[in-house]
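Subject: Structure handover

Hello,

Here is the model we talked about. Please open it alongside this note. My findings follow below.

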Amino acid sequence: MFKYHLSEVKDIAEKLIQKVSSNVLLFDGSMGSGKTTLIKAIVKSLGSEDEVSSPTFSIVNEYQIANGQKVYHFDLYRLESLREALDFGIEDYLSSGSWCLIEWPDILKDYLDTDYDVIELNINEDQSRSLKLKFNQHNNTPNHVL
Ligand SMILES: Nc1ncnc2c1ncn2[C@@H]1O[C@H](COP(=O)(O)OP(=O)(O)OP(=O)(O)O)[C@@H](O)[C@H]1O
Ligand SMILES: [Mg+2]
């Protein structure tokens with residue numbers, strides 16, 4: 001568990017990239033908890049110079065990183081069902097081997113059968129954020145909570 005202020009988000013992003021066990025990351029947290037802010041920092045730390053903004057109206061944004069690799073940033077807030085995500089082609093993104101950073105991932109959770117980590121964000125009273133990284137949420141092995 002990390003606690004971080006806005007000024008520390010870059011350090012947290014770098015730490016996370018080192019620690020995650022999958023490049024499919026689900027960001028759990030209430031509205032305004034800092035999902036987009038953290039994803040921005042992660043995309044930057046991965047070496048992208050692209051402008052990162054919330055894809056709320058486009059569902060997915062694509063960013064370029066080194067060696068022609070890509071990062072996909074999803075905001076599934078406006079999707080109501082897994083069906084809509086599948087129609088949108090989410091499977092192809094998830095199996096692409098690229099980084100997939102997903103805000104509002106709940107509709108996917110019962111569906112995902114590949115490795116993914118969950119990053120849970122909570123807002124503290126002092127407005128800092130707490131972050132929990134949960135590894136390999138797709139199977140029934142005991143969760144390792146950092
Ligand atoms: N660690 C932090 N400490 C203080 N403020 C933060 C922190 N992280 C993010 N914020 C602030 O919280 C606000 C909301 O952040 P952000 O848009 O990233 O949240 P979100 O979880 O993506 O929201 P949404 O659910 O609407 O997509 C922003 O003003 C941002 O600057
Ligand atoms: Mg957001």
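Two strands pair if DSSP finds at least two bridges between them. Helices (H or I, at least four residues) and strands (E, at least two) are DSSP runs, numbered from the N terminus. This is a predicted model, in which local features need pLDDT of at least 70, side-chain atom pairs count only at pLDDT 80 or more, and totals for chains, interfaces and linings use all residues. Residues are numbered from 1 along each chain as its sequence is written, while chains are lettered from A and ligands numbered from 1 in the order in which they are written.

The sheet

Seven strands make an open sheet with mixed pairing. Their order is β1-β7-β6-β2-β5-β4-β3. β1 (2-4) and β3 (60-64) are the edge strands, each pairing on one side only. On average, neighbouring strands of this sheet are turned by 20 degrees against each other, direction ignored. For angles, axes are lines fitted to C-alpha atoms, for helices over the stretch in contact, and values run from 0 to 180 degrees between N-to-C directions.

β3 and β4 (70-75) pair in the antiparallel sense over five bridges. Gln 64 stands opposite Lys 70 in β4. The hairpin of β3 and β4 has five residues between the strands. Asn 67 lies in that loop between β3 and β4. Its phi is positive, near 55 degrees, in a residue other than glycine.

Next come β4 and β5, which pair in the parallel sense over five bridges. Tyr 72 has Cys 100 in β5 as its bridge partner. Phe 74 stands opposite Ile 102 in β5. On to β2 and β5: this pair is parallel too, over four bridges. Here Leu 25 has Leu 101 in β5 as its bridge partner.

Tyr 4 stands opposite Arg 129 in β7. In the loop between β6 and β7 sits Gln 127. Gln 127 is not a glycine, yet has a positive phi of about 75 degrees.

Burial

A residue is buried if 20 or more other C-beta atoms lie within 10 Å of its own, exposed if 12 or fewer, and partly exposed in between, with C-beta atoms placed from the backbone. Five of the six residues of β4 are buried, so β4 is largely enclosed by the rest of the structure. For β5 the count is five of the five, so β5 is largely enclosed as well. Both faces of β5 are covered. Trp 99, Leu 101 and Glu 103 are buried on one side, and Cys 100 and Ile 102 on the other. In a regular strand the side chains alternate between the two faces of the sheet.

Asn 67 is exposed because it has 6 other C-beta atoms within 10 Å. Gln 127 has 8 C-beta neighbours inside 10 Å, so it counts as exposed.

The helices

α2 (residues 35-45) lies across β2, β3, β4, β5 and β6. It runs at about 165 degrees to β5. Its buried residues are Lys 35, Leu 38, Ile 39, Lys 40, Ala 41, Ile 42 and Val 43. They pack against α1, β2, β3, β4, β5 and β6. Contact is set by C-beta atoms, placed from the backbone, within 7 Å. Just after α2, Gly 47 takes a positive phi of about 105 degrees.

α1 (residues 9-19) and α2 pack at an angle of about 65 degrees, with their axes 8 Å apart. α1 contributes Val 9, Lys 10, Ile 12, Ala 13, Glu 14, Leu 16 and Ile 17 to the contact. α2 contributes Thr 37, Leu 38, Ala 41, Ile 42 and Ser 45. By class, that contact has eight nonpolar, two polar and two charged residues. Ala, Val, Leu, Ile, Met, Phe, Trp, Tyr, Cys and Pro count as nonpolar, Asp, Glu, Lys and Arg as charged, and the others, Gly among them, as polar.

The ligand

Which residues come nearest to ligand 1? Of the 17 around it, they are Gly 34, Lys 35, Thr 36, Thr 37 and Arg 129. A residue is near if its C-beta atom, placed from the backbone, lies within 6 Å of the molecule. The largest share of the shell, three residues, comes from α2. By class, the shell has four nonpolar, 10 polar and three charged residues.

Best wishes

How values were computed:
Two residues are in contact if their C-beta atoms, placed from the backbone, lie within 7 Å.
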